[in-house]
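Visitor: I would like to learn how to read a fold from its coordinates. Please take me through one example.

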Amino acid sequence: MKPVLYVVVPCYNEEKVLPITSQLFLDEINLLIEKEKISPNSRIMFVNDGSRDSTWSLIEKLAETDEHFIGISQSRNRGHQNAVLAGLMEAKDMSDITISIDCDGQDDITAMEKMVDSYLEGHDVVYGVRSKRDTDTFFKRFTAESFYKILALMGVEVVFNHADYRLLSSRVLQEFSEYKEVNLFLRGLIPLVGFESDTVAYERNERMAGESHYPLSKMLSLAFDGITSLSIKPIRMVLFIGIILAAVGCLGGLVSLMCGVSIPFICFVVCLFTGINLIGLGVVGEYVGKIYMEVKARPRYIISRRTYDKTNDENKEG
């Protein structure tokens with residue numbers, strides 16, 4: 001039997017680009033069906049992440065025009081990672097494989113065929129990896145590559161230059177559903193599940209329409225979440241810095257007693273130690289805050305509407 005593929009597409013205020021990329025997604029699905037690589041029961045699942053524009057209305061219209069389009073809507077905006085998770089968990093019992101991809105058309109849609117081919121060869125996880133970053137500015141390229149290197153330094157297992165464009169088999173999703181983290185960093189969590197994996201290289205394009213929903217502040221927040229959600233090395237670094245500074249302080253005290261006290265030097269030491277203390281408290285506080293959110297165990301997403309189940313008014317939480 002041919003595998004049932006669900007393409008999971010998170011959407012947030014995508015009314016400008018959705019009419020363009022939806023047709024591209026449909027063309028790719030139909031091509032794979034014609035080549036008999038996937039089942040005709042395959043679907044494109046749009047996940048509306050609490051959009052404030054007409055995104056959900058467009059999804060409903062798409063679902064009416066072609067059976068391959070379906071959609072779910074979150075009760076409110078929960079962020080990109082939660083939207084992807086909602087789609088994956090919704091699709092895990094209805095599909096054999098899923099491919100998550102952004103709605104903006106920047107990721108090469110034609111790379112899906114290579115992902116499916118890799119799955120048919122026996123890989124349960126296939127990562128889409130950017131072959132180059134020529135379209136990025138120097139600042140974005142430098143910060144992105146530095147981010148992956150910092151994650152590796154912190155002991156976080158990630159695939160270099162991979163974002164959230166990936167294929168997952170249903171058995172990977174079944175196992176991943178046991179991961180209950182509230183603080184999500186999917187590109188760091190998926191490798192923890194294991195199973196046979198592969199990579200597919202592709203070139204990333206410019207956004208086809210609309211504006212990016214990932215400004216510098218959100219990228220920094222995602223980077224910090226990735227580090228603090230999957231590594232405790234920052235806390236250990238604070239401990240080691242504290243030990244080193246304590247030793248330096250003792251040595252400085254001895255030098256001051258032997259050579260005389262210098263007021264400017266004392267002011268410098270006080271400012272330095274105060275800054276280090278505040279940084280240490282901030283790092284520890286970040287981890288305490290994440291523990292606080294995890295202990296609450298609030299749902300990571302709430303599905304309020306579905307195009308294929310409009311008579312069911314009950315929300316699905318996860």
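Visitor: What percentage of the 318 residues in the protein chain do buried residues make up?

Guide: This is a predicted model. Buried residues make up 45% of the protein chain. The chain exposes about 16500 Å², and carbon and sulfur atoms supply 59% of that area.

Visitor: How many helices and strands does the secondary structure come to?

Guide: There are ten helices and nine strands. For contacts between residues at least 6 apart in sequence, 81% join residues at least 24 apart.

Visitor: How do I read a nonpolar core, and which residues have the most contacts inside the largest one?

Guide: In soluble globular proteins, nonpolar side chains tend to be buried together. Here the largest nonpolar core has 32 residues, and Leu5, Val9, Ile44 and Phe46 have the most contacts inside it. Among the elements that each supply at least two residues of this core are strands S1 (5–11), S2 (43–48) and S4 (97–100), along with helices H1 (18–34) and H2 (55–65). Helix H1 gives the most, with six residues. A second, separate core has 29 residues, including Val4, Val8, Tyr127 and Leu186.

Visitor: With which residues is Leu5 in contact, leaving aside its neighbours within four places in sequence?

Guide: On that basis, Leu5 touches Ile29, Leu32, Ile38, Ser42, Arg43, Ile97, Thr98, Ile99 and Val116.

Visitor: How do I check the length of a helix, and what span should H3 have?

Guide: The expected span is 1.5 Å times one less than the number of residues. Helix H3 covers residues 80–91, twelve in number, so its span should be 16 Å. The C-alpha atoms at its ends lie 17 Å apart, which agrees.

Visitor: Why is H3 described as largely enclosed by the rest of the structure?

Guide: A residue counts as buried when its relative accessible area is under 20%. Twelve of the twelve residues of H3 are buried, so the rest of the structure largely encloses the helix. The buried residues of H3 include His80, Gln81, Asn82, Leu85, Met89 and Glu90.

Visitor: Where is the place of Leu120, and is Leu120 buried or partly exposed?

Guide: Leu120 is in helix H4. Its relative accessible area is 47%, so Leu120 is partly exposed. Leaving aside neighbours within four places in sequence, Leu120 is in contact with Pro3 and Lys37. Leu120 and Lys2 are 118 residues apart in sequence, yet their C-alpha atoms are 9.6 Å apart in space.

Notes
Residues are numbered from 1 along each chain as its sequence is written. This is a predicted model: local features need pLDDT of at least 70, side-chain atom pairs count only at pLDDT 80 or more; totals for chains, interfaces and linings use all residues. Side-chain values use heavy atoms; hydrogens and water are left out. Helices (H or I, at least four residues) and strands (E, at least two) are DSSP runs, numbered from the N terminus. Buried means under 20% relative accessible area, exposed over 50%, partly exposed in between (1.4 Å probe, protein chains only). A nonpolar core is a set of buried Ala, Val, Leu, Ile, Met, Phe, Trp, Tyr and Cys residues joined through side-chain atoms within 4.5 Å. Contact means heavy atoms within 4.5 Å. Accessible areas come from the Shrake-Rupley method with a 1.4 Å probe; for residues, only the protein chains shown count as cover.
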